[in-house]
Amino acid sequence: MEGMYAEGLAKVGSGKAFINPLAKLNRDMGIAIVGPKTNGGGLKMLDATAATGIRGIRYLMESAVGDCTFLEINEDVFGQLEANIKSNSVKATALNTSIQEFCSSTRERFDLVELDPFGGIYPYVFDVAKVLRGGSYFFATATDTAVLCGAQKNACLKLYSAKPMHNKLCHETGLRIMIGYMARTLAQFNFGIDVLLGMFHDHYMRVYAKLTSGAAAATRSIDSLGFAFHCDSCGAIASSKGLVPVQTKCEACGSKMRASGPLWLGKLKDKGAIDAISAYSSRSGGRRLQSVSQLLSSELDIPLFYHIPSFTKRLGITGVSPDAVIESLKNSGFAASHTHFDPNGVKSDAPSDSVAEAIRDVASGKVSALHYGQV
Ligand SMILES: C[S@@+](CC[C@H](N)C(=O)[O-])C[C@H]1O[C@@H](n2cnc3c(N)ncnc32)[C@H](O)[C@@H]1O
Ligand SMILES: [Zn+2]
């Protein structure tokens, strides 16, 4: 039928409803993490911002989700949502209401909540927390990157109670501010979070989290909050746990460092989740998902990264590839990897002067260009 959109096992009409075919990648990832159908009743899901319903419908048809409630606030879109639920023959409840109204009045609890609003997640997390329980998955997408990444600094201070960083590190610090906000809000409900995967992709932030119930778990989450630092003079990076920023001077050059936070300094990935996504991408053959999952899998799970062009500019060196810098750092006994946040970034446990030294070695030919591609 004309105007129909097919993805996975679902086929939906969009009408006036929003649909982004590029978001297939993050829908696939959620389905991979939740896992395939089981014999039991399955997970209870809330698709809190349904639009066409493609997300919840796909989980129902392709994953361990056995039952889904769809919320859609917009009357003009709601009819299309109902039609799509019917035409895909899935077991579901659709409500033409808001997250805020539904979550404040229901006694139901959900094993999975998908939150995918227009813009930021900050207006909804408090209400979503009311319908979660220990062990629930909470998957959220945010597109307010201008706020989280510091182009609108005051909005970030106001909405997330966090200071953003408006430089090359902003995609990572923005994602960590979003997760920090989720952790702080959920802690008020005595939930701790484990981040199964946090990523920046196609101009959105995406977080796959799993909750643990209890005051101790909530406190552990808060203990993962802290501040990120960047030295604009020499490119050094640092972080410190706690709700007060302690580091102000760069250890490498003595300059005052730029601070961002409070933000999440905990893990951004879980091996089980990454393995599930990798296995799903091999099965489904999606090349985009395969390359993203390979990159995420190889990335070191430590806060922040070194932006190589900032170093080469300062050192007066041109054309050093991150590949060669990574190899050089590894040869010197450091851990080092690419980062999905920036193709010119390198994650490493090396101090900044060792990164500068590795860059000089690569440029002077001490590290062979032949092995590491173009330098
Ligand atoms: C980005 S779209 C969702 C896309 C969909 N999840 C997908 O994967 O294709 C956001 C939808 O949330 C709806 N929405 C916005 N605010 C809402 C609220 N407070 N409660 C429920 N739905 C809301 C909008 O009308 C819109 O249809
Ligand atoms: Zn410095």
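The centres of domain 1 and domain 2 lie 32 Å apart, taken over C-alpha atoms. The model is predicted. Domain 1 spans residues 4–274. Domain 2 covers residues 305–375. Ten residues from domain 1 and eleven residues from domain 2 make up the contact between them. On the side of domain 1 that touches domain 2, two elements give two or more residues: helix 8 (170–187) and strand 8 (191–201). By class, the residues on this side of domain 1 are six nonpolar, two polar and two charged.

Confidence comes next. The average pLDDT of the chain is 95. A score of at least 70 is reached by 97% of the residues. Where pLDDT is low, predicted coordinates should not be read in detail.

Strand 8, which gives residues to the domain contact, also takes part in strand pairing. Strand 8 pairs with strand 9 (residues 204–213). The two are antiparallel and share ten bridges. Across this pairing, L197 stands opposite Y208 of strand 9. Two residues lie between the strands of this hairpin. There, D202 adopts a positive phi near 50°. Strand 9 is also joined to strand 7 (residues 137–142). That pairing is antiparallel and has six bridges. Within it, T141 has R206 of strand 9 as its bridge partner.

An open sheet of three strands is found with the order 13-15-14. Its pairing is antiparallel. Strand 13 (306–307) and strand 14 (336–339) are the edge strands. Each has a single partner strand, so one side of each has no neighbour in the sheet. Strand 14 pairs with strand 15 (residues 342–348) through four bridges. H338 has V346 of strand 15 as its bridge partner. Helix 13 (residues 322–331) packs on the sheet. This helix touches both strand 14 and strand 15. The directions of helix 13 and strand 14 make an angle of about 155°.

Ligand 1 has 20 residues around it. Those that come nearest are T49, A51, I73, N74 and D116. Helix 2 (54–62) and helix 4 (99–105) each supply at least two residues of the shell. The shell around ligand 1 consists of twelve nonpolar, five polar and three charged residues.

Some backbone details stand out. Most residues other than glycine have a negative phi, and most peptide bonds are trans. A51 is not a glycine, yet its phi is positive, at about 55°. A51 sits in the loop between strand 3 (43–47) and helix 2. A51 is also among the residues that come nearest to ligand 1. D202, in the hairpin of strand 8 and strand 9, likewise has a positive phi. A cis peptide bond is found between G261 and P262. Its omega is about 0°. P262 belongs to strand 12 (residues 258–264).

Methods
Residues numbered from 1 in each chain as written. Chains lettered and ligands numbered in written order. Predicted model: local features only at pLDDT ≥ 70, side-chain atom pairs only at ≥ 80, totals over all residues. Domains from an automatic or database assignment. Contact = placed C-beta atoms within 7 Å. Nonpolar A, V, L, I, M, F, W, Y, C, P; charged D, E, K, R; others polar. pLDDT = per-residue confidence, 0-100. Pairing = 2+ DSSP bridges. Axes fitted to C-alpha atoms, helices over the stretch in contact; angles between N-to-C directions. Near = placed C-beta within 6 Å.
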